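Dear colleague,

Please find the structure below, together with its sequence.

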Amino acid sequence: MTAARSDNRRRAYWLKTLHEWHWVSSAICLIGMILFSVTGFTLNHASQIEAKPVITKLSGSIDEALRTQLEKQLPAAKAQKGKAPLPAELQGWVQKNWDVGTAGREAEWSDDEIYLSLPRPGGDAWLRLNLADGEIEYERTERGWLSYLNDLHKGRNTGSAWSWFIDIFAGAALVFSITGLFILKMHAGNRPFTWPMVGMGLVVPVLLALLFIH
């Protein structure tokens, strides 16, 4: 009797602990799971969902003093294999005139131009400066909120903060799944369809991969 009572206490303790970890991890994963589930569907049907890109083009010219300063900095940039950030003065010009942030980005420097790629979730952008005459142009392409969410799903051009979020979300989802598996195990004795259903979740994708993916 004492041994049975001890086993029941142990089982109750682990069941309570698993349920706590399960609901906490599920709460953390909830919004992310909805996001990744919806965007998983939209990515799977990307060719059937039309996106109408909106293109914004801007052009102008920098003053002669700034252009001369950039020419003087060209040898130092080329010494770094043609990769260097935009000078603070040029960053300030772009920010002030076009409200475009370029900090923390490396541009490609060549003898006749400076080119800066500005990829972003849901679109792309670039900045080009002609060193010969100081003409500068900027182009931004936006493909809509659906493309934006799809890029969040893929972690495309989303930066380190979002990358950390995906890692944390993946860890929480793993805790959610593993604790769910142990909870299933503890209830499986009274639920005969538990393991057949779990097995189906494994067998079905394996069969689909073997039979229809070549």
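How many cavities of 30 Å³ or more does a search of the whole structure find? The search finds 1. The model is a predicted one, in which local features need pLDDT of at least 70 and side-chain atom pairs count only at pLDDT 80 or more, while totals for chains, interfaces and linings use all residues. Residues are numbered from 1 along each chain as its sequence is written, and side-chain values use heavy atoms, with hydrogens and water left out.

On a 1 Å grid over the protein atoms alone, a cavity is a set of points where a 1.4 Å probe fits but cannot get out; a pocket is an open set with protein on both sides within 12 Å along at least five of seven lines; and lining residues have an atom within 4 Å of a point. Points are joined across faces, edges and corners, and a volume is the space filled by probe spheres set on them.

The largest cavity holds about 30 Å³ of space. Its lining consists of Leu86, Leu90, Ile114, Tyr115, Leu116, Leu127 and Leu129. Two or more of these residues come from each of β4 (113-117) and β5 (123-130), and β4 gives the largest share, 3 residues. Helices (H or I, at least four residues) and strands (E, at least two) are DSSP runs, numbered from the N terminus.

The largest pocket has a volume of about 260 Å³. Of its 16 lining residues, Ala51, Arg143, Leu146, Ser147 and Asn150 lie nearest the centre. Helices α1 (2-44) and α4 (145-154) each supply at least two lining residues, with the largest share, 6 residues, coming from α4.

Helix α2 (residues 64-79) packs against helix α3 (residues 88-98) at an angle of about 140 degrees, their axes lying 10 Å apart. Because of that angle, α2 is oblique to α3 (under 35 degrees is roughly parallel, over 145 roughly antiparallel, 65 to 115 roughly perpendicular, and the rest oblique). Axes are lines fitted to C-alpha atoms, for helices over the stretch in contact, and angles run from 0 to 180 degrees between N-to-C directions. Leu66, Gln69 and Leu70 of α2 make the contact (heavy atoms within 4.5 Å) with Glu89, Leu90 and Trp93 of α3.

Yours sincerely
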